[in-house]
Amino acid sequence: MTPSSGPSRPLLNRRLAEFGTTIFAEMSALAVRTGAINLGQGFPDTDGPEEVREAAVRALRDGRGNQYPPGPGVPELRTAIAAHQLRNYGLSYDPDREVLVTAGATEAIAASLLALVEPGDEVIALEPYYDSYAASIALAGGTRVPVTLRPREGRFVLDLDELRDAVTPRTRLLLLNTPHNPTGTVLSREELAEIAKLAVERDLLVVTDEVYEHQVFTDENGTTPAHIPLATFPGMRERTVTIGSAGKTFSFTGWKVGWVTSTPELVTAVRSAKQYLTFVASGPFQYAIAEALALPESYFTSVREDLRAKRDLLSAGLTAAGFEVYRPQGTYFITTDIRPLGDSRSHGGDGFAFCRALPERAGVVAIPNAVFYDHREEGAPFVRFAFCKRTEVLADAVDRLKAL
């Protein structure tokens, strides 16, 4: 008997055929293999506040969350999320009907798109974008429509006319991210007001990824660009799904605690999809994050100031090494242009080739921004570095980059 050669048809769902192993897995493995400093994947190399960690231990020992927590999330956390939104932004949400806890922001994004997008609907996303956006839109059967942020005067800028032109009768939803990963752009009040006006005029839903809301930095002039939730604008609370996360703010990315705030109707829709993804997750950690969200403002200020100093350290080092640096207004990522290094050192402006060679050349790992683009040529010369690392690690990376 001839042995079976296996199924003849492709095994991977065609909606996911364009997505392979993420660049983060590839570059992190390269960092391990070469002993390079990993400034690619965006996770801190220290834990968050000790009192928050102890709150998780206490919940474990007290038997809180060791079994399935409630589907919408534990009441203590939902109440804390609602209080956080009211205290920081004046947004009032009912903890019982308008807050949903998720397994991190990634699940919140996936559940929102699966719930709200029909096959064939168009979803506009700001390009470059977090890679899970594209996969989630594909899983929902939607059509991805990128609107590209382009560099201008030291930052990446949204062309509002291009955004308006991208909206068609098939557009269902805008997927926004501010503060923006990977560019570090923080959308201004004026930009957000125009986006809100467009969404109301064209009757669009909006999903906003605001996980870096507490990482917004003072600029050279001593002013801090404010993070302003889109849901605060007229007509937007009723059509906006706002996504937040504990991982970035409290440096516990492995706990996977995220959330959604919106109207009862939209939260119910998102929960309908979420319950068939993880159902529930992170039980004891939910109690700990409830306590974390109640930390005094001094904690959030200290996070911003610490990251601002690290941004400035790495920005100066990258500039000295020959990169063009786009100084971020928020997040903990710096986007650079490798072309000023010269063709021989920048691999002709090919970010993929540059990043794959960088660990051997300089002992540092970065991420090619082209993976965040539909239009790969737009992102080809840009490379992202993460600065959510210990100061001594960043200083070592700066020294190593002098090899360029």
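Helices (H or I, at least four residues) and strands (E, at least two) are taken here as DSSP runs and are numbered from the N terminus. The structure is a predicted model, in which local features need pLDDT of at least 70 and side-chain atom pairs count only at pLDDT 80 or more, whereas totals for chains, interfaces and linings use all residues. Residues are numbered from 1 along each chain as its sequence is written, and side-chain values use heavy atoms, with hydrogens and water left out.

Grid points are joined across faces, edges and corners, and a volume is the space filled by probe spheres set on the points. The largest pocket holds about 1100 Å³ of space; 45 residues line this pocket, and those closest to its centre are Thr22, Phe24, Tyr130, Asp131 and Ser132. At least two lining residues come from each of α1 (23–34), α4 (104–116), α5 (131–139) and α8 (247–250), with α5 contributing the largest share, 7 residues. When Ala, Val, Leu, Ile, Met, Phe, Trp, Tyr, Cys and Pro are counted as nonpolar, Asp, Glu, Lys and Arg as charged, and the others, Gly among them, as polar, the lining of the largest pocket comprises 20 nonpolar, 14 polar and 11 charged residues.

Across the whole structure, the search finds 3 cavities of 30 Å³ or more, and the largest cavity has a volume of about 40 Å³. The largest cavity is lined by Gln85, Glu210, Glu213, Thr242, Ile243, Gly244, Trp259 and Thr261, which divide into 2 nonpolar, 4 polar and 2 charged residues. Strands β9 (240–245) and β10 (258–261) each supply at least two residues of this lining, and β9 gives the most, with 3 residues.

Burial was assigned from relative accessible area, with buried meaning under 20%, exposed over 50% and partly exposed in between (1.4 Å probe, protein chains only). Because 5 of the 5 residues of strand β8 (residues 205–209) are buried, this strand is largely enclosed by the rest of the structure. In a regular strand the side chains alternate between the two faces of the sheet; in β8, Leu205, Val207 and Asp209 point one way and Val206 and Thr208 the other way. Strands are considered paired if DSSP finds at least two bridges between them, and β7 and β8 pair in the parallel sense over 5 bridges, with leucine 174 having valine 206 of β8 as its bridge partner.

Threonine 178 is found in the loop between β7 (171–177) and α7 (189–201), and counts as buried because its relative accessibility is 6%. Contacts (heavy atoms within 4.5 Å) link threonine 178 to Thr185, Val186, Leu187, Asp209, Glu210 and His227, not counting residues up to four places away in sequence. A polar contact is a pair of N or O atoms within 3.5 Å, of which, within protein, one must be able to donate a hydrogen and the other to accept it, while residues adjacent in sequence count only if both atoms are side-chain atoms. A polar atom of the threonine 178 side chain lies 3.0 Å from the backbone nitrogen of leucine 187. Glutamate 201, by contrast, is in helix α7 and counts as exposed, at 56% relative accessibility.

An open sheet of 4 strands has the order β11-β12-β15-β14 with antiparallel pairing, and its edge strands, β11 (324–326) and β14, each pair on one side only. Strand β11 pairs with β12 (residues 333–337) over 3 bridges, and threonine 336 in β12 is the bridge partner of valine 325.

Helix α13 (residues 351–362) has Gly351, Phe354, Cys355, Ala357, Leu358, Pro359 and Ala362 as its buried residues, and these pack against α1, α12 (343–346), β13 (364–365), β14 (367–368), β15 (382–386) and α15 (391–401). At the start of α13, a side-chain oxygen of aspartate 350 reaches to within 3.0 Å of the backbone nitrogen of phenylalanine 352, and the helix is followed by glycine 363, whose phi is positive, near 70 degrees.

Methods
1 Å grid on protein atoms, 1.4 Å probe; cavity = no way out; pocket = protein on both sides within 12 Å on 5 of 7 lines; lining within 4 Å.
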